[in-house]
Amino acid sequence: YVALTGRVRVAGTLADSLTDASVTELRQGEVFGELGILKERTRTVTVVALERTSCLLIPDVNFLDALHTSPETALGLVQVMARRLVEADRSLTRYAPDPLTGLPGRRAFHELYKRVSAGARRRKSSVLLIAVDIVHLKGINDRYGYNVGDEVLRTVADILVGSSRDT
């Protein structure tokens, strides 16, 4: 696809998570959807229009033919994809799960909360947010060491994940 007008957001699912993170935004003249053709696989990311957007669909055979017959087109696509990889890596790293607990970090939480609360508003329902404080964690770390404190954090995270819905 080529965005003719408007802009779209590209979101990818984080590894080992059900959380989608915004990878990039694309504007007029930018290409998306080419990885599905090149990898001969179905969708690898989700693309959502952020405003009224018109796109040009380039049939697979025409797209591949342009790459085979035009080194300039192929090189341009490689440059676009290299830029996207760098941007996606930078963006997804910001949303990486906490290495200790595996829970979404602060940025991923904010992104997820915005999406969940917007969905609740559309459905005219509500969202319950629970804050958990591990009382005396500092005392546990001081008395038993950080390994035990880390195990407490992992255990609490496992209980929270195990007692909540995946969605």
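Predicted model: local features only at pLDDT ≥ 70, side-chain atom pairs only at ≥ 80, totals over all residues.

Visitor: Why is R90 called exposed?
Guide: The relative accessible area of R90 is 52%. Exposed requires over 50%, so R90 qualifies. R90 lies in helix α3.

Visitor: What makes R90 part of a positive surface patch?
Guide: R90 forms that patch together with R94, R106 and R107. Helices α3 (71–94) and α4 (106–123) are the elements that give two or more residues to the patch. Arg counts as positive, and a patch residue needs over 30% relative accessible area. R90, with 52%, is therefore above that cut-off.

Visitor: Why is S70 called buried?
Guide: Buried means under 20% relative accessible area. S70 has 17%, so the label applies. S70 sits in the loop between α2 (60–69) and α3.

Visitor: How do you know that the side chain of S70 makes a polar contact with the side chain of T73?
Guide: The distance given for this side-chain pair is 2.8 Å. The cut-off is 3.5 Å for a pair of N or O atoms, so the pair falls within it.

Visitor: And V2: why is that residue called buried?
Guide: V2 has a relative accessible area of 15%. The limit is under 20%, so V2 is buried. V2 belongs to strand β1 (residues 2–5).

Visitor: How far apart are V2 and R84 in sequence and in space?
Guide: They are separated by 82 residues in sequence and by 15 Å in space, C-alpha to C-alpha.

Methods
Residues numbered from 1 in each chain as written. Heavy atoms only, no water. Patch = residues over 30% accessible without salt bridge, like charges linked within 9 Å, V, L, I, M, F, W, Y side chains within 5 Å. Areas by Shrake-Rupley, 256 points an atom, 1.4 Å probe, with all protein chains shown as cover. Salt bridge = Lys/Arg side-chain N within 4 Å of Asp/Glu carboxyl O. Charge placed at Lys NZ, Arg CZ, Asp CG, Glu CD. Helix = DSSP H or I, 4+ residues; strand = E, 2+ residues; numbered from the N terminus. Buried < 20%, exposed > 50% of the residue type's maximum accessible area, 1.4 Å probe, protein only. Polar contact = N/O pair within 3.5 Å; in protein donor to acceptor, adjacent residues only side chain to side chain.
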